[in-house]
Amino acid sequence: MQALKTDTYSVYFSAEAYQMLNEHLNERKYSKVFLLTDSNTLSDCKPYFKNLVAGSEDWTSITIPAGEDHKNIESCTYVWEELSANGADRKSLLINLGGGVVTDLGGFVASTYQRGINFINIPTTLLAMVDASVGGKTGVDLGTLKNQIGVINQPEMVLVDPGYLKTLSQRQLTSGFAEMLKHGLIQDDSYWNSLIQIMPESVDDNLIHISVAIKNRVVQEDPTEQNLRKILNFGHTLGHAVESYFLNASGQEPLLHGEAIAIGMILEAFLSTKVAGLSKAACDEIKTAFLTYYPKVKITKTQQNKIVQLLRFDKKNSHGTIYFSLLEKIGVACYNKEVSDEIIDAAFEYYDE
Ligand SMILES: NC(=O)c1ccc[n+]([C@@H]2O[C@H](COP(=O)([O-])OP(=O)(O)OC[C@H]3O[C@@H](n4cnc5c(N)ncnc54)[C@H](O)[C@@H]3O)[C@@H](O)[C@H]2O)c1
Ligand SMILES: [Zn+2]
């Protein structure tokens, strides 16, 4: 499996990953190495990792509680204090072993501790492997505002090992799979065709490699999200509104990110048929595929109105029109598309049909 080169670091896969990590540690002679986990990856991932990396028994372990609720400044303060109390200096290294919460938070903590120390990410969820592993976004939430605080900074390297997925719940795995389906839809129809023939548990390093390569190519072409990078938002404009609604509405079971953007991708495929030239047949294929992985969620008319209100609230915050990233056909995306409220209503009806 070939390593993928980003502008500043490499993403290594499977066996080669540990070989490269061991070499990197030998070469760089860090003053101290710290390993950040959350309470789940501490028990599920750390023992496996430690078996593969020489000298890791001497490192200092730091653990934060699992979950998005803990992706905040309080957790950062705890990690900064642990680093400080255990003698971390500017030549120390932080290795982040966990899902997107640990890699985002750990990346931010490392980027700010003593004005920046090196860090390495080892994503342990499918979502973190295929999405958070490139792009350099680090940070934490501020109250209910997601990723409000953070910096763009690149790790020394990223190691992707699907071996970690064995302990991940089916629901988390299927959620991450939605981002892979998105990569196929926006950039590669043959990749889409291969993905829809398998179940998320059959994902292997070849498929993950294709997803990381797609995201990397898009990010490299447009690092500051002026144009092309916007296509990564396919399904996310309405998907985020759906996600926020189910997170905050009383009596509602929250949806995982991938589950919400799966709904968003069906809705936005419908919008694509109206303003971007996607064929009805392709839209139906997309809907059928997503509904096999993500059972239909009942969205009442009242809930739909609240979701659209959340969308408008976002629009108010960004002082402008809502632009969608949509599909011209499977494998070809476009961006900066405007859509009328009537078409958005019709999209919810299409989802419910
Ligand atoms: N930086 C980026 O570009 C980027 C991209 C996408 C998402 N994100 C961020 O990533 C976060 C979501 O990531 P996530 O879905 O990985 O969430 P997460 O880190 O909360 O992980 C989900 C759950 O799985 C557990 N877990 C992780 N690995 C495991 C394993 N191998 N076995 C068993 N359990 C395991 C975690 O403890 C947690 O309970 C969000 O905060 C989002 O903002 C960042
Ligand atoms: Zn996403």
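Student: Why is H236 called buried?

Tutor: Buried means under 20% relative accessible area, exposed means over 50%, and partly exposed is in between, using a 1.4 Å probe and the protein chains only. H236 has 8% relative accessibility, so H236 counts as buried. Before we go on: this is a predicted model, where local features need pLDDT of at least 70, side-chain atom pairs count only at pLDDT 80 or more, and totals for chains, interfaces and linings use all residues. Residues are numbered from 1 along each chain as its sequence is written, chains are lettered from A and ligands numbered from 1 in the order in which they are written, and side-chain values use heavy atoms, with hydrogens and water left out.

Student: How do you know where helix 7 is?

Tutor: Helices (H or I, at least four residues) and strands (E, at least two) are DSSP runs, numbered from the N terminus. Helix 7 covers residues 170-187, and S175 lies in it. E179 is in helix 7 too.

Student: Why is E179 called buried?

Tutor: E179 has 0% relative accessibility, which is under the limit, so E179 is buried. S175 gets that label as well, because its value is 5%.

Student: What makes E179 and H257 a polar contact?

Tutor: A polar contact is a pair of N or O atoms within 3.5 Å; within protein, one must be able to donate a hydrogen and the other to accept it, and residues adjacent in sequence count only if both atoms are side-chain atoms. The side chains of E179 and H257 are joined at 3.0 Å, so the pair qualifies.

Student: Which residues does E179 touch, apart from those up to four places away in sequence?

Tutor: Contact means heavy atoms within 4.5 Å. E179 touches L127, V130, D131, H236, H257 and I261. S175, counted that way, touches L256, H257, G258, E259 and Y294.

Student: Let's move to ligand 1. Which residues come nearest to it?

Tutor: A residue is near a molecule or strand if one of its heavy atoms lies within 4 Å of it. Of the 25 residues around ligand 1, D38, E68, T124, T125 and T167 come nearest.

Student: How do you know that E68 makes a polar contact with ligand 1?

Tutor: An N or O atom in the E68 side chain is 2.6 Å from an oxygen atom of ligand 1, so the distance passes the cut-off. A polar backbone atom of G100 is 2.8 Å from an oxygen atom of the ligand, and for a polar side-chain atom of N40 the distance is 2.9 Å.

Student: Why is T125 called buried?

Tutor: T125 has 15% relative accessibility, so T125 counts as buried. T125 sits in the loop between strand 6 and helix 6. A polar atom of its side chain lies 3.0 Å from the backbone nitrogen of A128.

Student: What makes R115 exposed rather than buried?

Tutor: R115 is at 79% relative accessibility, so R115 counts as exposed. Its place is the loop between helix 5 and strand 6 (118-123).

Student: What is the phi of R115 near?

Tutor: Phi of R115 is near 65°, a positive value in a residue other than glycine. Most residues other than glycine have a negative phi. S14 also has a positive phi, of about 50°.
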